[in-house]
Amino acid sequence: MAWTPKIGPLSLPAKYPGNSYSVVTDGLAQNAHAPPGNGIIAGLPTEELHHLQPHVQRVSWHRGQILLEVAAPLDHFYFPESGMVCTFAVMDDGRTVALAAIGREGFLDVAAFLGAESVPLRAVVVIGGDAIKLSRVELQRILPVSPQLAASLRRYSSSYLAQIATHGACHALHNVPQRVACWLLMVGDRTNSDLLALTHESLSELLGCRRSSVTESLALLVNAGAIRCGRGQIGVLDHERLAQQACECYEAISK
Ligand SMILES: [Zn+2]
């Protein structure tokens with residue numbers, strides 16, 4: 001069966017106050033007719049793809065785009081095909097810390113799937129890419145005739161909640177260099193790339209720490225021969241060395 005989702009609307013970026021994230025609208029996907037790149041949707045049987053296809057849009061995301069805002073209604077689900085989204089806790093003073101990273105293996109938002117109307121979290125595109133977008137109403141309509149999709153969403157929800165719990169412990173117990181190494185490995189897994197479109201600033205927002213601490217941690221990893229740093233990107237040179245510098249949380253989240 002050909003996979004031909006509708007193409008999402010092209011919208012102009014809009015400014016958003018609070019931090020470096022500023023773009024809040026979906027863009028036009030370039031590869032509208034490519035096979036589904038999201039693991040959950042790609043794994044569906046033909047019959048379930050047939051149920052899903054008339055209701056989805058393929059959209060393009062830009063770094064900094066806010067997909068869900070704190071306490072806003074959860075109206076849509078997103079299935080990343082490339083790039084990476086993170087959910088963040090947001091403090092009153094604007095500081096953030098990432099709670100989970102979502103790539104092509106997952107979907108957004110687990111809380112909506114579990115029945116929540118809103119969540120006290122912000123979901124932001126950290127690395128741009130494409131995604132499949134589906135309204136909450138349509139997902140609820142097709143779930144009863146899509147048992148594989150329902151099972152996959154339940155399975156991912158469990159791992160997502162475990163990821164949030166692990167990040168909470170990690171933030172409290174592990175040092176910044178360990179956490180930087182852990183995040184670089186996770187981002188590489190989710191984007192399936194050794195070239196990570198991350199800046200010192202975006203890492204500091206993910207880890208909820210000072211940018212200077214990120215810079216010092218990256219220098220340690222460069223000296224260990226694990227990574228190299230370029231302009232706006234970080235290259236992973238040696239996974240084994242990087243894993244040696246990371247805390248145990250990477251293994252826990254990867255299971
Ligand atoms: Zn950790």
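The mean pLDDT of the chain is 87, and 87% of its residues reach 70 or more. Over residues 9–25, however, the pLDDT is below 50, and this stretch has 34 contacts in the model beyond near neighbours in sequence. The structure is a predicted model.

**Helix H7 and its burial**

- Helix H7 covers residues 200–207, and six of its eight residues are buried, so the helix is largely enclosed by the rest of the structure.
- The buried residues are Ser202, Leu203, Ser204, Glu205, Leu206 and Leu207.
- These buried residues of H7 pack against the strands E6, E7 and E8 and against the helices H6 and H8.
- H7 lies across E6, E7 and strand E8 (122–127), and its direction is at about 95° to E7.

**The packing of H7 and H8**

- Two packed helices are described by the angle between their axes and the distance between the axes.
- For H7 and helix H8 (residues 211–223), the angle is about 110° and the axes are 8 Å apart.
- H7 is therefore roughly perpendicular to H8, since angles of 65 to 115 degrees are placed in that class.
- On the H7 side, the contact is made by His200, Glu201, Leu203, Ser204 and Leu207, while H8 contributes Arg211, Val214 and Thr215.
- Sorted by class, the contact of H7 with H8 has three nonpolar, three polar and two charged residues.
- Leu203, Ser204 and Leu207 take part in this contact and are also among the buried residues of H7.

**The four-strand sheet**

- Four strands form an open sheet in the order E4-E8-E6-E7, with antiparallel pairing.
- Strand E4 (66–68) and strand E7 (96–102) stand at the edges; each has a single partner strand, so one side of each is left without a neighbour in the sheet.
- Ignoring direction, neighbouring strands of this sheet are turned by 35° against each other on average.
- Strand E6 (residues 84–90) is joined to E7 by six bridges, and the two strands run antiparallel.
- Within E7, Ile102 is the residue that stands opposite Val85.

- Strand E12 (residues 233–236) runs antiparallel to strand E10 (residues 195–196), and two bridges join them.
- Leu196 stands opposite Ile234 of E12.
- E12 also runs antiparallel to strand E11 (residues 227–230), to which four bridges join it.
- Ile227 has Val236 in E12 as its bridge partner.
- E11 and E12 form a hairpin with two residues between the strands, and Gly232 in this hairpin takes a positive phi near 75°.

- Is Asp189, a residue with 16 C-beta neighbours inside 10 Å, buried, exposed or partly exposed?
- Asp189 counts as partly exposed, because a residue needs 20 or more such neighbours to be buried and 12 or fewer to be exposed.
- Asp189 belongs to helix H6, which covers residues 176–191.
- In sequence, Asp189 and Gly103 are 86 residues apart, but in space their C-alpha atoms are 8.5 Å apart.

Notes: Residues are numbered from 1 along each chain as its sequence is written. This is a predicted model: local features need pLDDT of at least 70, side-chain atom pairs count only at pLDDT 80 or more; totals for chains, interfaces and linings use all residues. Axes are lines fitted to C-alpha atoms, for helices over the stretch in contact, and angles run from 0 to 180 degrees between N-to-C directions. Angles under 35 degrees count as roughly parallel, over 145 as roughly antiparallel, 65 to 115 as roughly perpendicular and the rest as oblique. Two residues are in contact if their C-beta atoms, placed from the backbone, lie within 7 Å. Ala, Val, Leu, Ile, Met, Phe, Trp, Tyr, Cys and Pro count as nonpolar, Asp, Glu, Lys and Arg as charged, and the others, Gly among them, as polar. pLDDT is the predictor's confidence in each residue, from 0 to 100. Two strands pair if DSSP finds at least two bridges between them.
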